[in-house]
Amino acid sequence: MTTVVPPCELTRKAIKWISEQHSETGKPLKSLLEEAAMRFNLSPKDMEFMERFYAENNGEVPDC
């Protein structure tokens with residue numbers, strides 16, 4: 001049986017994953033955003049939100 005995950009939950013998981021990866025690997029934010037888009041199957045609208053989220057926070061990755 002397949003479980004449907006709401007899009008907002010995927011975005012939350014992507015932000016948490018980016019935060020973890022950034023602290024562990026130090027990869028650039030742009031690279032992590034692109035990888036998260038594929039990993040979590042984010043829509044273009046979700047990606048716009050993520051890019052705006054990080055732009056408004058001066059590119060800082062929040063601690064999750």
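This note goes through the fold, core, charged pairs and aromatic pairs of a predicted model.

1. Basis of the model. The structure is predicted, so local features need pLDDT of at least 70 and side-chain atom pairs count only at pLDDT 80 or more, while totals for chains, interfaces and linings use all residues. Residues are numbered from 1 along each chain as its sequence is written, and side-chain values use heavy atoms, with hydrogens and water left out.

2. Overall fold. The protein chain has three helices and zero strands, and its elements run α-α-α from the N terminus on. Helices and strands here are DSSP runs numbered from the N terminus (helices: H or I, at least four residues; strands: E, at least two).

3. Burial and surface. Of the 64 residues in the protein chain, 30% are buried. Buried means under 20% relative accessible area, exposed means over 50%, and partly exposed is in between (1.4 Å probe, protein chains only). The chain exposes about 4700 Å², and carbon and sulfur atoms supply 53% of that area. Accessible areas come from the Shrake-Rupley method with a 1.4 Å probe; for residues, only the protein chains shown count as cover.

4. Contacts along the sequence. Contact means heavy atoms within 4.5 Å. Among contacts between residues at least 6 apart in sequence, 53% join residues at least 24 apart. Cys8 lies in helix H1 and is partly exposed, with a relative accessible area of 47%.

5. The nonpolar core. The largest such core has 14 residues, and Ile18, Leu33, Met50 and Tyr54 have the most contacts inside it. A nonpolar core is a set of buried Ala, Val, Leu, Ile, Met, Phe, Trp, Tyr and Cys residues joined through side-chain atoms within 4.5 Å. Not counting residues up to four places away in sequence, Leu33 touches Ile18, Met47, Met50, Glu51 and Tyr54.

6. Thr11. Leaving aside neighbours within four places in sequence, Thr11 is in contact with Leu42, Asp46, Phe49 and Met50.

7. Side chains of opposite charge can pair when their charged atoms come close. The structure holds three salt bridges, each being a side-chain nitrogen of Lys or Arg within 4 Å of a carboxyl oxygen of Asp or Glu. Arg12 pairs with Glu9, the closest N and O atoms being 3.1 Å apart. Both residues lie in helix H1, three residues apart, or about one turn of the helix. Glu9 is partly exposed, with a relative accessible area of 26%.

8. Salt bridges of Glu35. Glu35 forms a salt bridge with Lys27, with 3.3 Å between the closest N and O atoms. Glu35 is partly exposed at 24% relative accessible area, and Lys27 is partly exposed at 33%. Glu35 also forms a salt bridge with Arg39, where the closest N and O atoms are 3.6 Å apart. Glu35 and Arg39 are separated by about one helical turn, because they are four residues apart in helix H2. Through shared partners, the salt bridges join Lys27, Glu35 and Arg39 into one network.

9. A search of the whole structure finds three aromatic pairs. Rings of Phe, Tyr and Trp (its six-membered ring) pair if their centres lie within 6.5 Å; planes under 30 degrees apart count as stacked, over 60 as edge-to-face and the rest as tilted. Trp17 and Phe40 form an edge-to-face pair, 6.2 Å centre to centre with 65 degrees between the planes. Trp17 lies in helix H1 and Phe40 in the loop between H2 and H3, so the pair ties together parts that are 23 residues apart in sequence. Both Trp17 and Phe40 are buried.

10. Phe53 and Tyr54 form an edge-to-face pair, at 5.0 Å centre to centre and 85 degrees between the planes. Phe53 counts as partly exposed at 23% relative accessibility, whereas Tyr54 is buried at 1%. Phe49, Phe53 and Tyr54 form one aromatic cluster.
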